[in-house]
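Open the model in your viewer and keep the sequence panel beside it. The stops below say what to select and what is there.

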Amino acid sequence: MADTVKTGIGAKLAREIERAGPISVAQFMAEANAHYYATRDPLGVAGDFVTAPEISQMFGELVGLWLADLWLRAGSPANVHYVELGPGRGTLAADALRAMRSVGLTPQVHFVETSPILRAAQAERVPHAIWHDVIGGLPHDAALLVVANEFFDALPVRQLVATDLGWRERVVACTDDVFTAGVGESVPGSLLPEALLGAAAGTIVESSPAARAICAELSARIADQGGGAIVIDYGYQGPAAGDTLQAMRDHRYADPFTNPGEHDLTAHVDFTALAREGRSAGLKVAGPAAQGEWLERLGLSARASALAAARPAVAAEIALAQDRLAGPEQMGILFKALALVAPDWPDPEGFA
Ligand code: SAH
């Protein structure tokens with residue numbers, strides 16, 4: 001469960017906890033991830049984890065065509081913005097923009113990204129992008145075509161624990177430079193979904209106020225300006241109990257409370273909570289659909305065959321990539337796609 005404090009952010013968190021007492025899991029996750037993403041490019045084989053756009057160009061292309069299809073059926077408005085939240089290396093955007101261009105869609109490009117290192121990587125692939133720290137910086141003048149792939153899972157979750165004395169905040173303590181999770185202040189039952197209120201002691205329930213706030217702000221913009229968003233991530237349809245906080249380093253799971261800032265901390269995304277924000281803003285909501293089914297409905301198999309026919313030497317690699325993206329044992333079922341679309345825009349493709 002424990003390790004020594006080795007990094008700058010670990011030492012800072014340890015001092016903070018010694019001074020003021022344990023901090024919430026959400027605060028721990030927020031500070032650890034801010035340091036993590038600001039100090040490295042974590043993606044790819046040489047990094048800590050691999051995402052769908054880094055597996056194959058087919059992923060970004062299909063996302064781009066999904067957006068282009070929505071735009072075409074909305075009457076091809078001349079002024080429109082491509083927006084990506086947490087674009088990683090910019091690979092998805094580059095593939096999506098190329099596919100969009102092939103059907104006559106050339107939007108302005110806006111990236112919401114906090115990491116200076118990843119901004120530099122994104123600039124290599126999409127030099128004409130405009131960067132923003134937060135959604136509030138996005139322009140107000142045109143429809144937004146938004147992509148968020150493996151973005152929401154990186155946002156901090158709050159964890160609430162059932163105890164014999166009621167529900168408590170799950171917190172992180174630190175003794176002799178060793179971080180451990182524990183039980184903190186009591187929280188009102190009104191914070192919990194009714195269905196989970198009577199859960200057994202030890203049950204953990206997560207929520208992400210940060211994810212909900214960002215989704216609400218984005219939804220309000222789409223309702224106001226037109227357009228739509230596709231959110232793809234690993235997650236579930238709440239309400240559900242369970243501790244999904246995980247740390248990934250060098251493609252292996254690690255203890256989330258050791259070495260803060262040195263591995264990727266994520267939590268599964270509650271798609272029900274995001275859909276609720278979309279609906280309250282007046283958006284049409286489709287999904288979540290399993291990533292595999294969504295990609296297949298958009299033509300993954302056809303795209304894979306076309307690529308393999310054009311480059312027979314790498315046909316086996318392409319088949320492997322298709323399976324990693326859509327196979328039920330791979331990313332096909334755990335990962336899900338949720339669409340949030342302006343009320344006066346067409347119904348999105350790919351949902352049954
Ligand atoms: N979408 C990319 C990268 C996923 S990793 C892909 O699929 O490959 C998560 C991304 O979100 C990184 O680019 C990270 O720097 C960014 N990020 C994490 N927290 C953020 C925040 N609070 N605001 C903006 N970007 C954030």
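A polar contact is a pair of N or O atoms within 3.5 Å; within protein, one must be able to donate a hydrogen and the other to accept it, and residues adjacent in sequence count only if both atoms are side-chain atoms. Helices (H or I, at least four residues) and strands (E, at least two) are DSSP runs, numbered from the N terminus. This is a predicted model, in which local features need pLDDT of at least 70, side-chain atom pairs count only at pLDDT 80 or more, and totals for chains, interfaces and linings use all residues. Residues are numbered from 1 along each chain as its sequence is written, and side-chain values use heavy atoms, with hydrogens and water left out.

**Stop 1: helix α8**

Select residues 271-280, which make up helix α8. Which residue caps the N-terminal end of α8? Aspartate 270 does: one of its side-chain oxygens lies 3.0 Å from the backbone nitrogen of threonine 272. After α8 comes glycine 282, with a positive phi near 90°.

Now colour the buried residues of α8: Phe271, Ala273, Leu274, Ala275, Glu277 and Gly278. Buried means under 20% relative accessible area, exposed means over 50%, and partly exposed is in between (1.4 Å probe, protein chains only). The cover over these buried residues includes α7 (209-225), β10 (227-236), β14 (269-270), β15 (284-290) and β16 (335-341); contact means heavy atoms within 4.5 Å.

**Stop 2: strand β11 and its partners**

Select residues 246-249, strand β11. Two strands pair if DSSP finds at least two bridges between them. β11 pairs with strand β13 (residues 264-266) in the antiparallel sense over three bridges, and methionine 248 stands opposite aspartate 264 in β13.

**Stop 3: salt bridges**

Side chains of opposite charge can pair when their charged atoms come close. A salt bridge is a side-chain nitrogen of Lys or Arg within 4 Å of a carboxyl oxygen of Asp or Glu. By this rule the model has 16 salt bridges.

Select arginine 170 and aspartate 243, whose side chains meet in a salt bridge (3.6 Å, N to O). Arginine 170 lies in strand β7 (residues 166-175) and aspartate 243 in the loop between β10 and β11, so the pair ties together parts that are 73 residues apart in sequence.

Move to glutamate 293 and arginine 297, which form a salt bridge at 3.5 Å, N to O. They are four residues apart in helix α9 (residues 291-297), about one helical turn. An α-helix has 3.6 residues a turn, so residues three or four places apart point the same way. Glutamate 293 is partly exposed, with a relative accessible area of 47%, and arginine 297 is partly exposed at 38%.

Finish this stop by selecting Glu61, Asp95, Arg98 and Arg303, which are linked in a network of salt bridges.

**Stop 4: helix α5**

Select residues 91-101, helix α5. Why is α5 described as largely enclosed by the rest of the structure? Eight of its eleven residues are buried, so the rest of the structure largely encloses it. The buried ones are Thr91, Leu92, Ala93, Asp95, Ala96, Leu97, Ala99 and Met100. These residues pack against α3 (52-55), α4, β2 (80-85), β3 (108-112), α6 (116-125) and β5 (143-149).

**Stop 5: helix α4**

Select residues 57-73, helix α4, and find leucine 65 in it. Leucine 65 is partly exposed, with a relative accessible area of 36%. Further along, the side chains of aspartate 69 and arginine 73 meet in a salt bridge (2.8 Å, N to O).

**Stop 6: leucine 307**

Select leucine 307 in helix α10 (residues 300-310). Leucine 307 is buried, with a relative accessible area of 14%. It touches Gln57, Met58 and Ile318, not counting residues up to four places away in sequence. Leucine 307 and methionine 58 are 249 residues apart in sequence and 9.0 Å apart in space, C-alpha to C-alpha.
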